[in-house]
Amino acid sequence: MSKLFFDTKYMQLNHYNTNFKKRTFPITIICENVTNAPNIGSLFRTADAFGIEKIVFCGAHIPLGRKMTKTSRATEKVIPFEVKENASEVVLQYKKQGFHIVALEITSNSKPIHSYSFSKEKPIAIVIGDENFGVSQDILNQCDALLHIDMFGQNSSMNVVQATTIALYEMTKQII
């Protein structure tokens with residue numbers, strides 16, 4: 001065994017002994033037809049990790065059962081969430097409430113998220129899309145900004161949770 005495992009200088013921390021400052025950011029995640037149970041569970045964990053206010057799941061068959069909770073590790077109990085049928089109506093509602101609406105989607109005119117300046121003055125709703133088809137054109141047309149994550153490999157997309165995690169890191173870093 002290496003010294004690393006016995007030296008308290010390198011002791012691994014857990015939920016009870018970290019010194020992270022708990023904080024909630026004025027960010028809501030709107031999920032348009034995200035229906036994969038493990039992805040939904042992972043979204044709860046990501047939302048908790050980044051202090052997100054709320055998640056809104058939009059669509060017909062949102063699986064919130066055992067497969068989801070296996071991945072969420074009980075974070076669905078601490079992150080407020082709603083399930084709504086129509087994502088377009090939800091985006092319109094948030095827009096009327098004064099939210100800055102951004103979609104995480106690669107389009108012909110999307111901007112790299114790292115080059116976008118998020119305002120500290122308005123709450124933000126980030127729209128993420130279906131695991132196979134992304135954010136619908138109807139929703140894209142309602143957004144204040146279309147943002148993407150620069151990618152350098154051969155693939156043109158990444159898992160919706162991985163992309164959301166990267167986006168939330170950039171957003172919270174800017175508005176902290």
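Q: How many salt bridges does a search of the whole structure find?
A: The search finds 4 salt bridges. Keep in mind that the model is predicted.

Q: Start with Glu-82. Which side chain does Glu-82 meet in a salt bridge?
A: Glu-82 meets the side chain of Lys-54, with an N to O distance of 2.9 Å.

Q: What about Asp-144, which residue does it form a salt bridge with?
A: Asp-144 forms a salt bridge with Lys-95, and the closest N and O atoms are 3.0 Å apart.

Q: Where do Asp-144 and Lys-95 lie?
A: Asp-144 lies in the loop between helix H4 (137-142) and strand S7 (145-148), while Lys-95 belongs to helix H3, residues 87-96. The two are 49 residues apart in sequence, so this pair ties together a loop and a helix.

Q: How accessible are Asp-144 and Lys-95?
A: Asp-144 has a relative accessible area of 38% and is partly exposed. Lys-95 is at 32%, which counts as partly exposed.

Q: Which residue is the salt-bridge partner of Lys-173?
A: The partner of Lys-173 is Glu-170, with the closest N and O atoms 3.3 Å apart.

Q: How are Lys-173 and Glu-170 placed in helix H5?
A: They are 3 residues apart in helix H5, residues 160-175, which means about one helical turn separates them. Lys-173 counts as partly exposed at 45% relative accessibility, whereas Glu-170 is buried at 10%.

Q: Which residues do salt bridges with shared partners join into one network?
A: Lys-54, Glu-82 and Lys-84 are joined into one network.

Q: Which residues sit on which side of S4?
A: His-100, Val-102 and Leu-104 are on one side, and Ile-101 and Ala-103 are on the other. Both faces are covered. In general, side chains in a regular strand alternate between the two faces of the sheet.

Q: How many bridges join S4 to S6?
A: There are 4 bridges between S4 and strand S6, residues 124-128, and the two strands run parallel. In that pairing Ile-101 stands opposite Ala-125 of S6.

Q: And over how many bridges do S4 and S7 pair?
A: S4 and S7 pair over 3 bridges, in the parallel sense. Here Leu-104 stands opposite Leu-147 in S7.

Q: OK, rings next. How many aromatic pairs does the structure hold?
A: It holds 5 aromatic pairs. One of them is Phe-44 with Phe-57, a tilted pair at 5.5 Å centre to centre with 55 degrees between the planes.

Q: Where in the chain are Phe-44 and Phe-57?
A: Phe-44 is in helix H1, residues 37-49, and Phe-57 is in strand S2, 13 residues apart. Phe-44 is buried at 0% relative accessibility, and Phe-57 is buried with a relative accessible area of 0%.

Q: What is the geometry of Phe-44 and Phe-81?
A: Their ring centres are 5.2 Å apart and the planes are at 80 degrees, so this pair is edge-to-face. Phe-81 lies in strand S3, so its pairing with Phe-44 in helix H1 ties together parts 37 residues apart in sequence. Phe-81 counts as partly exposed, at 35% relative accessibility.

Q: Which residues form one aromatic cluster?
A: Phe-44, Phe-57 and Phe-81 form one cluster.

Q: Last topic, Ser-88. Where does Ser-88 lie, and which side chain does a polar contact join it to?
A: Ser-88 lies in helix H3. A polar contact of 2.7 Å joins its side chain to that of Gln-142.

Q: Which residues is Ser-88 in contact with, leaving aside neighbours within four places in sequence?
A: Ser-88 is in contact with Asp-138, Ile-139 and Gln-142.

Note on methods: Residues are numbered from 1 along each chain as its sequence is written. This is a predicted model: local features need pLDDT of at least 70, side-chain atom pairs count only at pLDDT 80 or more; totals for chains, interfaces and linings use all residues. Side-chain values use heavy atoms; hydrogens and water are left out. Buried means under 20% relative accessible area, exposed over 50%, partly exposed in between (1.4 Å probe, protein chains only). Two strands pair if DSSP finds at least two bridges between them. Rings of Phe, Tyr and Trp (its six-membered ring) pair if their centres lie within 6.5 Å; planes under 30 degrees apart count as stacked, over 60 as edge-to-face and the rest as tilted. A polar contact is a pair of N or O atoms within 3.5 Å; within protein, one must be able to donate a hydrogen and the other to accept it, and residues adjacent in sequence count only if both atoms are side-chain atoms. Contact means heavy atoms within 4.5 Å.
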